[in-house]
Amino acid sequence: MSITRPRGFRATGVAAGIKSAGAHDLALVVNDGPRDTAAAVFTANRVKAAPVLWSHQAVADGRARAVVLNSGGANACTGPEGFADSHRTAEHAAEELGLSSQDVLVCSTGLIGERLPIDALLSGVTAAAGALAAGPDADADASRAIMTTDSVPKTATATTASGVAVGGIAKGAGMLAPQLATMLVVLTTDADVDAATADAVLRAATAATFDRVDSDACMSTNDTVILLASGASAITPERDELTGAVRQVAADLARQLVADAEGASHDVHVVVRSATTEQAALAVAREIARSNLVKAAVFGNDPNWGRIVAAAGCVPEAVAPFAVEDLSVSVNGVEVCRAGGAHRDRSEVDMSPRETLIEVDLGAGTATGDIWTNDLTHDYVEENSAYSS
């Protein structure tokens, strides 16, 4: 189980006919309460899809009872008509569920610039409302319905020491870059918490997980991460306890996003240590993670530390102060660069594992930051040269 493991939730996924292949393409998640607490974070892209605009407005009061998610179309750059479609979706779901439309959030994913087949979508909402359930099958159907180029559904769960459950489903395989990292995510918990707590917990967890996934430096128009709290456990955990569980689920999902990145053959963990600040460490880690030269080298199983230090040097000194002569680099545990120059022979590095660890020591302070990315492959180019999902 995943999103319905916490008490107070039902979910489903159906084939609404949005995708021509007849696959599951519409998911519905419902919070039966007693709480209707909600929080959400959205893309920082200035070009925001219609469902993002709707959901941002609807969740402003810290409340939501349901989330409708569709794949097969992003409903982005579709003008006033696209926003009206998101509004109609929320209104129709509200009618089916006996709610206010302002308590229904909407998420979409797929091709930008095309209107959704609204009649099919609304019929799918009706079908989904009649199929809501709790349990592994319902969770599996919902997680499959939000997939586009994903090769597998993504789910995760955690339980706190006090007995509060957290669950989650996620979609994402390409266009992974902050903020957030391209994705649709619904997180659920049966904790009894207010909106301010849920918002603080979600933002803290997101900053340390989804915001540190940077697959291809391409930011989407539809990024949405939602946290719903039902209060059905009647337990109010300490904020740190709940944050830890939500972060655990978010980190699990974020790691799955990287592992399923389009065409990737290596998952790359870039860790920068001994920086002056965490922000400085993250700036250097992100520069390395976004370097096509570094990513191509990893694809070719080449521990080319020269490309790594060159990428680190692209970060302005004002952002990340460090001296070249203090710089060291290790790849999969082998220190190939020390004090700004060659150290152990790169032939000692085993690049065959799926996971590649790049560690950079700036020798400038005590702060650490990390980013997850992946290599750049022929398959990635092929997948994105004719995208139509």
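Student: Is the crossing of helix 5 and helix 6 left-handed or right-handed?
Tutor: The crossing of helix 5 and helix 6 is right-handed. Please keep in mind that this is a predicted model.
Student: Which residues make that contact?
Tutor: Helix 5 contributes Thr197, Ala200, Val201, Ala204 and Ala205, while helix 6 contributes Arg239, Leu242, Thr243, Val246 and Arg247. Sorted by class, this contact of helix 5 with helix 6 has 6 nonpolar, 2 polar and 2 charged residues.
Student: How does one describe two packed helices in general?
Tutor: One gives the angle between their axes and the distance between the axes.
Student: What are those values for helix 5 and helix 6?
Tutor: Helix 5 covers residues 195–207 and helix 6 covers residues 239–259; they pack at an angle of about 45°, and their axes are 9 Å apart. An angle under 35 degrees would count as roughly parallel, and 65 to 115 as roughly perpendicular. Helix 5 and helix 6 are therefore oblique to each other.
Student: Now helix 7 and helix 9. At what angle do their axes cross?
Tutor: The axes of helix 7 (residues 278–289) and helix 9 (residues 305–312) cross at roughly 130° and come within 8 Å. An angle has to be over 145 degrees to count as roughly antiparallel, and helix 7 and helix 9 are therefore oblique to each other.
Student: Which residues are involved there?
Tutor: On helix 7 they are Val284, Glu287 and Ile288, and on helix 9 they are Ile308, Ala311 and Ala312. By class, the contact of helix 7 with helix 9 has 5 nonpolar residues, no polar ones and 1 charged.
Student: What is the handedness of the crossing of helix 7 and helix 9?
Tutor: The crossing of helix 7 and helix 9 is right-handed.
Student: Let us change topic. Where is Ser71?
Tutor: Ser71 is in the loop between strand 4 and helix 2.
Student: Why does Ser71 count as buried?
Tutor: Its relative accessibility is 0%, and buried means under 20%. Ser71 therefore counts as buried.
Student: What does Ser71 touch, apart from residues up to four places away in sequence?
Tutor: Ser71 touches Ile18, Lys19, His24, Asp25, Thr109, Ala145, Ile146, Met147 and Thr148. With Lys19 there is also a polar contact of 3.2 Å between the side chains.
Student: Thr148 was in that list. Where does Thr148 lie?
Tutor: Thr148 lies in the loop between helix 4 and strand 6, which covers residues 154–159. Thr148 is buried, with a relative accessible area of 14%. Its side chain is joined to that of Lys171 by a polar contact of 3.5 Å. Thr148 and Asn70 are 78 residues apart along the chain, and their C-alpha atoms are separated by 9.8 Å.
Student: What about Ser143; is it buried or exposed?
Tutor: Ser143 is buried, with a relative accessible area of 2%. It is found in helix 4 (residues 136–145), and its side chain reaches the backbone oxygen of Ala140 at 3.0 Å. Leaving aside neighbours within four places in sequence, Ser143 is in contact with Pro153, Thr155 and Ile169.
Student: And Tyr380, which element holds it?
Tutor: Tyr380 lies in helix 10, residues 378–384. Tyr380 is buried, its relative accessible area being 16%. Beyond its neighbours within four places in sequence, Tyr380 is in contact with Asp216, Glu262 and Gly263.
Student: How many residues separate Tyr380 from Glu262 in sequence?
Tutor: They are 118 residues apart in sequence, and 5.4 Å apart in space from C-alpha to C-alpha.
Student: Last topic, the backbone. Which residues have a positive phi without being glycine?
Tutor: Cys77 is one of them, with phi near 60°. Cys77 sits in the loop between strand 4 (66–70) and helix 2 (79–97), and it is exposed, with a relative accessible area of 52%. Asn301 also has a positive phi, of about 60°. Asn301 belongs to the loop between helix 8 (292–299) and helix 9, and it is partly exposed at 42% relative accessible area.
Student: Is the peptide bond from Gly33 to Pro34 cis or trans?
Tutor: That bond is cis, with omega near 20°. Pro34 lies in the loop between strand 2 (26–31) and strand 3 (37–42).

Key: Residues numbered from 1 in each chain as written. Predicted model: local features only at pLDDT ≥ 70, side-chain atom pairs only at ≥ 80, totals over all residues. Heavy atoms only, no water. Axes fitted to C-alpha atoms, helices over the stretch in contact; angles between N-to-C directions. Helix = DSSP H or I, 4+ residues; strand = E, 2+ residues; numbered from the N terminus. Left-handed = near helix turned anticlockwise from the far one by under 90°. Contact = heavy atoms within 4.5 Å. Nonpolar A, V, L, I, M, F, W, Y, C, P; charged D, E, K, R; others polar. Buried < 20%, exposed > 50% of the residue type's maximum accessible area, 1.4 Å probe, protein only. Polar contact = N/O pair within 3.5 Å; in protein donor to acceptor, adjacent residues only side chain to side chain.
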